[in-house]
Amino acid sequence: MSTATARVQAAATTASKPQGVIARARELAPEVAQGLGLTLVFASVTTLGRIVVPVAVQQTIDSGVRAPGGVDAGRVALITAAAAVVVLLTMGTSWLVNYRLFRATEAGLASLRTRAFAHVHRLAVLTQSGERRGSLVSRVTSDVDTISTFLQTGMVVLVLAVGQLLLATVLMFVYSWQLALLVLACFVPVLVFRSRLQRPVTRAYQQVRLRMGELLGAVSETVVGADVIRAHAASARSWRSVDAAVEAHRRQAVRAQVATASTFSVGVFVSGLVLALVVVAGTLLGVDGDITLGRLLAFLFIIGLFVMPVQAATEVLNELQNALAGWRRVVELIDTPVVVPDPSPSDAVELPAGPVEVRLEGVGYTYPGTSRRVLSDVDLVLPAGSRIAVVGETGSGKTTLARLVTRLVDPDAGRVLLSGVDARRVPEASLHRRVVAVPQEGFLFDTTVGENIRLGRPGATDADVREALAELGLQRWLEQLPDGLDTPVGQRGERLSAGERQLVALARAHLADPDLLVLDEATSSVDPATEVRLQRALEHVLSGRTSVAIAHRLSTAEAADVVVVVDAGRLVEVGPASDLARAGGPYSRLHAAWTAQHV
Ligand SMILES: Nc1ncnc2c1ncn2[C@@H]1O[C@H](COP(=O)(O)OP(=O)(O)OP(=O)(O)O)[C@@H](O)[C@H]1O
């Protein structure tokens, strides 16, 4: 087991216990607990305020309306006014409790979201890749939402409910221990029964969420793959899968609602029954002179105060479980070690100025979670300022080589030296200012052409962007665009052609002006005019700096100073294109195949 995997597992184990999750969550979002003490004081005042009404009823009746000397109107007015003041005060403290909790939790959750998002970015490209990307996003969005639901609504309810339950119980015993025992005798079995009944309800809702996830998956697949679906006339098939997912969700939601309604009805039935029993038993006690009318009426109010928290607490305990599960997933994400960690400040070294020399010494690499070595024993020196083309069959390891050179991954054997410095010792921020990678399909953001190019050098002016385009010979292309630099590119750049997207990606790299450029040449075919533009732009982008191009075109390989041939994870040939073409090895076969394509 690798140390990284061991660390992930250790983090997951510590955080899997509820205390562990809560302790780690407090470290990650300390704002949530800030001022909690005062909030709890306000919550206690609010709870105390709730018992004012039954006490006022009892006092009004027993010592006001049924006062020994007849109705004491002054006393009734005094009690009513006092009760009104306390109720108003309670309204204020209840507002304060909510406000303070919202403010603290929003601050905590905002920093948790930021940390989680930042961590997702820092995780290796590999950890983010594939189906995990969706689940990472859901951790930062829906998992944090379950936490916020509990903290902002559930926690207040829970704190108030516990206080209210205790106060109501004490008050019931103060007014009539016999009736209090009667109420408890009815509710204890209900509590036991409800917690049993709650489990299937929880499970049913988990299933509902699962079905909702499947439904969203089915719908998003039909939206994202709309073109393919239409092109293959496969709409019927996709609608069938969406329909099936909608139906599965509907059935599960009904099942969950039926289960909830059953537990709710039991609660309503028992509260009604208890009220009736208390009225009967209270009347009998009253006849015997054991309870006053005021106390009996107050008691009926208190039953309400007792029932409400019992019902609310069971529901909130559910939310608490969801929130704990949410915390656990977010904490696990944040505690997942970064696969390419930044060096410690004492170990950090900046790259020397000027074009970068790349040296690979005994480099080997195996993707995490796999056992096949995709690169082995790679020894290679790429002189500063030279132009290198990497060629090889699909799956031979070219992209992996590029990832190692740009430090998107670290080798598990050997080392990568950039201008003599181990890439692991160069801080990420400065490394990526000097070393820029241009992927095959450069991602375009849903903004203008100018903004997308400016991404290469934030702070560049429009004039800088125009100058970069002019240097690449793209002035005429820019003039053709409907709004010049302000032309919107659409989502993922879909309003531009594939070739134009590549032009934007090249301009972005040129503006960044790196000392080492690693480029995965696009394979998508473009029209001849754009092809010429691309070739010319590429020439400019690559000149004057060290460049490593994963070449898919003969022209790129032939223009390079050095061609590196990768085959099944090994370097099999290195040398000038003209020499390799005559050597009769793998490159000459590739060269022959390319030439045949162009005949
Ligand atoms: N993220 C990954 N996880 C696991 N295996 C991977 C991953 N990326 C690539 N591989 C495997 O590593 C091997 C080399 O892949 P690589 O992408 O480096 O090849 P390539 O030469 O760039 O291919 P192409 O020309 O098709 O882009 C392949 O067998 C591939 O299946």
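**Segments, cores and ligand shell of a predicted model**

Tutor: In this predicted model, residues 77–97 are 100% helix and 0% strand, with end C-alpha atoms 30 Å apart.

Student: What makes residues 77–97 a "transmembrane region"?

Tutor: The name comes from the UniProt record, an unreviewed entry, which also lists 291–310 among other spans. Such annotations may be inferred rather than shown by experiment. Residues 291–310 are 90% helix and 0% strand in the model, and their end C-alpha atoms lie 26 Å apart.

Student: Why is the set of 70 residues called a nonpolar core?

Tutor: A nonpolar core consists of buried residues of listed types, Ala, Val and Leu among them, joined through C-beta atoms within 7 Å. The largest such set has 70 residues, and those with the most contacts inside it include Ala389, Leu506 and Val563. Helix H17, residues 498–512, gives the most to this core, with eight residues.

Student: Which residues does Leu506 contact, beyond its neighbours within four places in sequence?

Tutor: They are Val438, Leu472, Ala537, Leu538 and Val541. The word "contact" applies because the C-beta atoms of each pair lie within 7 Å. Another core, of 27 residues, lies apart from the largest one and has Ala116, Val156, Leu160 and Val316 among its members.

Student: How many of the residues in the shell around the ligand are polar, nonpolar and charged?

Tutor: Nine are polar, three nonpolar and one charged. Of the 13 residues around the ligand, Tyr367, Thr394, Lys398, Thr399 and Thr400 come nearest. Lys counts as charged and Tyr as nonpolar. Helix H12, residues 398–405, gives the most to this shell, with three residues.

How values were computed:
Residues numbered from 1 in each chain as written. Predicted model: local features only at pLDDT ≥ 70, side-chain atom pairs only at ≥ 80, totals over all residues. Near = placed C-beta within 6 Å. Helix = DSSP H or I, 4+ residues; strand = E, 2+ residues; numbered from the N terminus. Buried ≥ 20, exposed ≤ 12 C-beta atoms within 10 Å, placed from the backbone. Contact = placed C-beta atoms within 7 Å.
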